[in-house]
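Subject: Handing over a structure

Hello,

Here is the structure I promised to pass on to you. Please open it beside this message, and then read on for what turned up in it.

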Amino acid sequence: MFYTLYLGLAAFAVTLMAVVSAVLAVRAQGTWRAAVPIALRLAAIAAISGLIALTVWLPYLIAALTGTRATSGTALHYLPESGATLPMPMFEFSLLGALCMIGMLWLAVRAATSRRAQALGIGVVAVYLWTLMSMAATVAGTTLLSFRLEAVLIVLLGAAGVFGFLEGSKAIYQAINEPPRFKIAAVVVATVGAMAFAQNIPQVLQSEITVAYTDTDGDGVRADMRPPNAVSYYRDVDAAIGEQLGKPRDETIVLTADTTFLAYYPYFGFQGLTSHYANPLAEFDQRAAAIEEWTQLETPDELIDALDSSEWEAPDAFLFRRGADGYTLRLAADVYPNDPNVRRYTVTFDESLFEDPRFETTDIGPFALITRTS
């Protein structure tokens with residue numbers, strides 16, 4: 001429901017688990033009928049999870065039958081360097097790397113005797129197979145976003161590492177004739193390791209913490225007490241839109257490149273941030289082309305006619321930035337397989353296009369808000 005990539009990986013891992021189970025069952029019983037109960041379980045899992053997923057997916061699937069899909073699967077068009085290599089966290093010189101190495105060794109040793117190791121091992125294998133398939137998919141001009149599964153791999157290996165540490169400590173304890181202070185030493189090592197790992201979290205999340213302190217919140221305040229950025233004007237923009245249009249937010253369409261405004265105040269956005277995050281039914285490329293065509297118009301009448309004849313419901317409000325030559329919008333184009341995978345460019349509307357009684361223009365900080373009054 002929330003992240004289709006993880007749905008795909010989970011379904012792939014469960015299917016892989018069913019295949020392994022079926023092969024082992026057929027080999028043990030000597031008949032293909034041994035695989036039937038496993039196949040029925042897999043089908044039941046798929047049916048139940050599919051019905052649950054339809055509570056979210058059904059409206060989209062119905063719309064997809066009549067709508068126009070995106071020209072390409074741009075949501076998958078992202079190939080950073082980490083997506084072109086197999087992740088090997090167990091070889092990192094860090095506490096987390098050591099834990100993953102212990103986990104990998106434990107999986108190898110206990111694969112034949114532990115259900116936990118078998119389950120975690122199949123999960124690890126699924127991640128690596130998905131990564132290899134993602135690499136192969138680049139030949140077809142797309143990816144499977146395998147680099148986003150590295151966190152899942154670390155969780156799997158880390159969990160295996162905990163089991164490995166516990167079982168390894170027990171084995172060492174027994175091998176050295178169970179000295180009475182060994183358990184205390186093991187607890188101390190585990191505690192110090194956990195503290196070291198926890199203290200390293202701020203380093204791992206340094207960029208996120210920096211954003212948390214430097215971003216301006218919805219009240220126009222920054223945590224580092226420095227002057228706020230343009231977000232501090234969002235409340236005034238929202239108030240002006242409501243006053244000038246007199247419509248609720250869920251009946252108002254806003255064209256803006258400042259999509260964070262829509263995060264604070266949930267108007268409908270005419271255009272998405274990038275094609276990768278736009279609804280596949282939204283015709284992102286065609287909308288971008290239409291916006292560029294609007295910038296080439298010369299009179300307010302031409303703009304009004306273009307808005308009224310648009311194949312999509314036209315914007316009720318435009319939230320621009322002021323530029324040297326007029327009102328500007330920052331748009332984005334997909335340039336996969338480059339990294340970054342987005343090319344940003346600026347389009348400019350001549351101010352004369354909105355010098356008409358049917359538009360109302362309001363300057364608010366760095367923004368130029370233009371609402372269509374009729």
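Helices (H or I, at least four residues) and strands (E, at least two) are DSSP runs, numbered from the N terminus, and two strands pair if DSSP finds at least two bridges between them. Please note that this is a predicted model, in which local features need pLDDT of at least 70 and side-chain atom pairs count only at pLDDT 80 or more, while totals for chains, interfaces and linings use all residues. Residues are numbered from 1 along each chain as its sequence is written, and side-chain values use heavy atoms, with hydrogens and water left out.

Let us begin with the strands. Strand 3 (residues 317–322) and strand 4 (residues 327–334) run antiparallel and are joined by 2 bridges. Arg321 has Thr328 of strand 4 as its bridge partner. The hairpin of these strands has 4 residues between them, and there Gly326 takes a positive phi near 150 degrees. Strand 4 also pairs with strand 5 (residues 342–349), again in the antiparallel sense, over 8 bridges.

Next comes helix 4. This helix has 23 residues and spans 32 Å from its first C-alpha to its last, close to the 33 Å expected at 1.5 Å a residue; the expected span is 1.5 Å times one less than the number of residues. Ser114 sits in the loop between helix 3 (95–110) and helix 4 (115–137). Is Ser114 buried or exposed? Buried means under 20% relative accessible area, exposed over 50%, and partly exposed in between (1.4 Å probe, protein chains only). Ser114 has a relative accessibility of 3%, so this residue counts as buried. At the start of helix 4, a side-chain oxygen of Ser114 comes to within 3.3 Å of the backbone nitrogen of Arg116.

Two other residues are exposed. Leu51, in helix 2 (residues 36–66), has a relative accessible area of 61%, so it is exposed. Its C-alpha atom is separated by 39 Å from that of Val109, 58 residues apart along the chain. Val204 belongs to helix 6 (residues 182–204) and, at 60% relative accessibility, counts as exposed.

Now for the spaces. On a 1 Å grid over the protein atoms alone, a cavity is a set of points where a 1.4 Å probe fits but cannot get out, and a pocket is an open set with protein on both sides within 12 Å along at least five of seven lines; lining residues have an atom within 4 Å of a point. Points are joined across faces, edges and corners, and a volume is the space filled by probe spheres set on them.

The second largest pocket has a volume of about 420 Å³. Of its 16 lining residues, Val20, Leu24, Gln118, Ala119 and Ile122 lie nearest its centre. Helix 4 gives the largest share of the lining, 9 residues. The count is 1 cavity of 30 Å³ or more, and the largest cavity has a volume of about 40 Å³. Residues lining the largest cavity include Ser82, Thr131, Phe147 and Glu150.

Happy exploring!

Notes:
Polar contact = N/O pair within 3.5 Å; in protein donor to acceptor, adjacent residues only side chain to side chain.
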